[in-house]
Structures are given as C-alpha cells and as structure tokens.
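Student: Hello! Could you walk me through how to read the contacts in a structure that is new to me?
Tutor: Gladly. Let's open it and take one feature at a time.

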Amino acid sequence: MNALEIHGLCKSYGGFELDHIDLELPAGCVMGLIGENGAGKSTIIKLILDMIKRDGGSISILGRDNKKDLHLIKEDIGIVLDEVGIPAGLKAAQVDRIMSRVYKNWDGELFRSYLHRLSVPVDRQFKELSRGNKMKLGIAVAMSHEAKLLILDEATSGLDPVVRDEVLDIFMDYTRDEEHSILISSHIVSDLEKLCDYIAFLHEGKLLLCEEKDLLRERYGLIHCRPEELKALPEGAVVGKRESSYGVEAMVRRDAVPEGLSVNPIDIEQLFIFTVKGEK
Amino acid sequence: MKGLLLKDIYMTGKYMKSILLLVVVFIAVALFGEGSDFFLFFPCLLAGVVPLSLQSYDESFKWTQYSAGLPCRRSQIVSVKYIYGLVLSAVMVILMSAVHAVVKIRGGESMNDTAVFAACMLGVSLIAPALSLPFIFKLGAEKGRIAYLVVVAVISGLATFSFKSDTLPMGNTGDFPFVLFIAAVLIVFVLSWLISIRVYNNREL
C-alpha cells in the first residue's frame with residue numbers, strides 16, 4: 001500500500017499555480033520535497049491536510065481519501081509545520097496533557113523520553129524556547145502517538161548540525177518499521193540526501209521529477225569538459241549545464257553519453273540545481 | 001475535543017488574568033461602592049469576549065494551522081469556542097446574579113428583578129460572541145476584530161443608553177418576557193454557532 005498517493009493535484013491562487021502534481025510514497029519509505037521558496041512544497045502539504053481547497057486531482061492518505069476520512073486518518077499522521085503552531089504560553093507538561101486528550105494512542109512516556117533525548121527544556125514556556133527547541137518539541141509531539149505517516153514541513157530548519165543529525169537518526173529509526181513513512185520538505189538538501197528514499201523536485205509549482213534517490217544517482221552524472229566537447233554529445237544527453245571561463249560543467253544522462261567519457265557522481269543538490277537550470 | 005478545551009483553559013489562565021482581576025474589582029465596586037448595576041454587567045461582557053480573544057491567540061500562534069493536522073473536525077474546533085464561551089458566560093451570570101441578590105438584600109430591597117437582571121446579563125454575555133465569531137471564523141481574527149469592535153460598541157452604547165434612560169425593566173419584572181428574551185438570545189447563539197461551523201469548514205487556513 002502507498003502511504004500517500006497524489007494524482008493530478010492542482011491549485012491556483014494569487015499568481016501561483018500548482019500544476020497537476022503526481023506523487024506516490026510507498027509505505028515504509030521517505031520522500032523529500034525539494035524546491036526553492038514559493039515552489040509549492042507547503043502548498044502540497046496544506047492540500048494533503050485539507051487546510052486549503054484543491055482545484056483538481058485526488059489525494060489518498062494510507063489508502064483513504066483525504067476529503068472524506070481525514071479526521072479518522074489524522075490519528076495516524078504526525079505533523080511538524082514550519083512554525084510548529086504550539087501556543088506560546090504552554091509548557092511541555094501542558095502540551096503532554098493536551099495531546100493525551102487529543103490522540104487516542106498518545107504515549108506520554110515516549111514524549112518525555114524524546115524531550116529528554118533532544119534536550120528540550122521542559123520548564124520553559126514555548127515562547128521562551130529557541131527556534132531549534134520549538135521544532136524539537138513539535139517533532140516530539142509528532143513522534144509520540146504511533147503515527148504511521150509523518151508530514152514534516154521544514155522540520156529540520158533552525159536546528160544546529162549536531163541536533164539535526166540526531167533528529168535525522170530519530171527519523172531513520174522511525175522508518176525501520178515498514179509501516180512508517182515520511183514526507184519531508186526542506187531547503188537543506190543534504191538532510192534529504194541522507195534520509196530519503198525518494199526525491200521530488202518542485203519548481204514554480206511544477207513537479208520536475210520524482211524518482212528513487214539511488215536511481216537518480218545511477219541515471220545521472222556530472223561531466224567537466226570544453227564547450228565543443230559538450231556540443232558533440234548526443235541530443236538529449238545534457239540535462240543542464242553551467243559554463244565558465246574554465247569550461248563547462250554539465251549534468252548528463254549516463255545512458256546517453258558515449259562510453260569512455262568520464263562521468264562523475266552527482267549529489268542531490270547539484271541534481272536539483274541543474275534540473276532547475278535546464279528547465280529555465 | 002477535550003484536549004482543545006484543556007488548551008483553551010490553559011490559555012485563559014495564562015493570558016486573561018487581567019480579566020479575572022477586573023471581575024474582582026467590579027464585584028468589589030458593586031458590593032462596597034454606590035455603583036449601579038452596570039458594574040455587574042461589565043464582567044459578563046468580558047466573559048463573552050474570552051472566546052474571541054482565544055481565537056485571536058490561536059491565529060497568532062499558528063495553532064489554527066496546527067490544529068488542522070490534529071485528529072478533530074473543524075466543527076469541533078469551532079464548537080469548543082462556543083461551548084467554552086457558554087460555560088464561562090453561565091458561570092459569570094450566576095456569580096453576578098448572586099452579587100446582585102446580595103446587594104439587594106443588603107439594601108433591604110426586593111430580589112424580584114434579579115431574574116430579569118440575570119436574563120439581561122446572559123444576553124449581554126452571549127450576544128457579543130454570537131455576533132462576532134462568525135466574522136472571525138470567516139475573515140480571521142485581524143479583520144474579524146473590526147466586526148467585533150463594532151458589535152461591542154453597539155452593545156455598550158445600547159447598555160449605557162438603557163441604564164441612563166431607565167429603559168431596562170428593573171423593578172417591573174412582570175412586564176419583562178425574560179423567558180422569551182433568553183430563548184431569543186440562545187437561538188441567536190445557536191444560529192451563530194451553525195454559521196461559524198459552515199464558514200470555517202470552507203475557510204482556507
């Protein structure tokens with residue numbers, strides 16, 4: 001079963017258009033949404049949670065339609081939004097008591113253990129926490145009610161590298177259970193590279209590609225050459241390029257370039273940049 | 001829904017201590033001063049304001065978006081504000097009616113008009129949220145606040161006018177159809193509740 005299925009999703013407002021998005025996140029996997037500001041990542045998450053009305057398409061979460069059965073499915077969804085959303089005056093213990101009455105499967109002990117593990121000060125009000133600690137508290141809530149799907153909107157932003165690494169480890173532990181899946185959007189591509197099985201590139205409301213991360217690496221590579229060497233490559237081999245006085249750096253399809261040409265591995269950040277540039 | 005209610009109780013304790021202080025001051029003035037019944041009406045008006053303030057806080061803390069991801073329906077999110085407002089108003093009306101009765105007994109007056117007084121207080125307490133919450137749920141706290149200010153200004157104006165011109169039927173309880181009045185207020189409140197659920201269901205968060 002897919003944890004998340006999105007087909008033909010459209011939404012337009014205020015000069016922005018999300019254009020027929022198709023995504024499938026298999027259960028037990030992690031999908032990263034990568035895109036610049038305004039690319040449509042948060043819009044997709046809002047549409048999944050039915051915060052905003054879609055113009056077209058369908059969304060199915062854990063096998064159920066998100067319009068008809070969302071209040072039932074939400075027991076199985078953990079969310080962390082960009083601005084968390086916990087009221088400023090609440091302390092962790094109060095959040096614990098509130099959530100124990102919100103979620104049927106709330107595990108207060110687990111919540112407190114996450115707070116301890118992530119070093120979140122429990123005696124402070126939410127407004128007194130740093131951005132990183134606010135995010136960690138939000139993550140602890142999302143992880144403490146036996147959710148099968150985590151939806152994380154920029155959940156690792158604001159965390160220092162050491163804590164980010166620890167949070168990523170927690171997410172990776174979480175997905176060891178094959179029923180557990182994560183949809184995560186982030187600007188920090190290195191986080192997604194470490195965590196994700198699937199990568200989706202969004203640019204100006206369009207889905208440029210959505211593939212298994214390992215397949216992307218197998219399929220694409222990076223070459224450094226002179227402009228005339230680049231021109232000699234078969235049509236369709238070059239996905240994107242960057243020219244400078246030192247030569248050309250280009251992202252290419254490995255299966256389309258002649259044998260013998262040295263093709264270097266490409267990381268997800270380069271892949272994204274070249275894909276967007278190719279689109280432009 | 002219990003969790004949402006508990007959150008609102010915590011928020012009230014945290015952000016609305018000043019209202020509690022005002023209530024104490026107004027009760028003291030009513031009991032020990034020579035103030036009019038207006039001092040007992042005002043706390044009821046404040047009780048009605050609490051759900052509006054809570055919704056405003058919810059929006060500024062982005063709880064509105066966060067709660068959309070919690071396992072509750074939008075109708076429950078709306079209903080919590082109405083239920084909480086109703087309970088607070090009822091508590092405040094009972095408290096102020098008791099104070100009103102004490103003032104009357106101490107002054108050697110009849111308690112006959114306390115029931116009318118309670119009915120009017122309930123009206124004052126519920127009418128502001130009833131008229132304002134649909135705007136707030138539809139337009140958001142920022143724009144809805146304008147509608148709220150207009151409603152409060154109108155109610156305060158009418159209340160002041162009534163006290164000054166003695167148009168409220170105090171002391172003439174037989175003429176005041178307070179059962180009908182309470183019924184009318186409750187009907188407006190319930191209609192407002194239903195409208196708020198409808199508009200909030202259609203709102204983009």
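Tutor: Before we start, keep in mind that this is a predicted model. Let's begin where the two chains meet: between chain A and chain B there are 13 residue pairs in polar contact, counting pairs with both residues at pLDDT 80 or more.

Student: Which elements of chain A each supply at least two residues to the side that touches chain B?
Tutor: Look for β1 (2-13) and α3 of chain A, as each of them meets that mark. The largest share comes from α3(A), which gives six residues to the side that touches chain B.

Student: What classes of residue make up that side of chain A?
Tutor: The side of chain A that touches chain B has 16 nonpolar, nine charged and five polar residues.

Student: How many residues does each chain bring to the contact?
Tutor: Chain A brings 30 residues and chain B brings 26.

Student: How many salt bridges join chain A and chain B?
Tutor: The count is one. You can find a salt bridge where the side chains of Lys11(A) and Glu204(B) meet, at 2.8 Å from N to O. Over all chains, the structure holds 21 salt bridges.

Student: Now for a look inside one chain. Which domains does the assignment give for chain A?
Tutor: It gives domain 1 (2-204) and domain 2 (216-279). Nine residues from domain 1 of chain A and 10 residues from domain 2 of chain A take part in the contact between them. As for spacing, the C-alpha centres of these two domains of chain A lie 34 Å apart.

Student: What area is buried between domain 1 and domain 2 of chain A?
Tutor: About 800 Å² is buried between them, and carbon and sulfur atoms give 79% of that.

Student: How many salt bridges does the rule find across this domain interface?
Tutor: It finds one across the interface of domain 1 and domain 2 of chain A. Glu193(A) forms a salt bridge with Arg217(A), and their closest N and O atoms are 2.7 Å apart. On the side of domain 1 of chain A that touches domain 2, α7 (189-195) and β9 (198-203) of chain A are the elements that give two or more residues. The most comes from β9(A), with four residues.

Student: Where could I see aromatic rings pairing up?
Tutor: The whole structure has 15 aromatic pairs over all chains. Phe201(A) and Phe272(A) form an edge-to-face pair, 5.1 Å centre to centre with 65° between the planes. Phe201(A) lies in strand β9 of chain A and Phe272(A) in helix α10 (residues 268-279) of chain A, so the pair ties together parts that are 71 residues apart in sequence.

Conventions:
Residues are numbered from 1 along each chain as its sequence is written. Chains are lettered from A and ligands numbered from 1 in the order in which they are written. This is a predicted model: local features need pLDDT of at least 70, side-chain atom pairs count only at pLDDT 80 or more; totals for chains, interfaces and linings use all residues. Side-chain values use heavy atoms; hydrogens and water are left out. Domain bounds come from an automatic or database domain assignment. Contact means heavy atoms within 4.5 Å. Buried area is the accessible area (1.4 Å probe) that two parts lose on being put together, summed over both. A salt bridge is a side-chain nitrogen of Lys or Arg within 4 Å of a carboxyl oxygen of Asp or Glu. Rings of Phe, Tyr and Trp (its six-membered ring) pair if their centres lie within 6.5 Å; planes under 30 degrees apart count as stacked, over 60 as edge-to-face and the rest as tilted. A polar contact is a pair of N or O atoms within 3.5 Å; within protein, one must be able to donate a hydrogen and the other to accept it, and residues adjacent in sequence count only if both atoms are side-chain atoms. Ala, Val, Leu, Ile, Met, Phe, Trp, Tyr, Cys and Pro count as nonpolar, Asp, Glu, Lys and Arg as charged, and the others, Gly among them, as polar.
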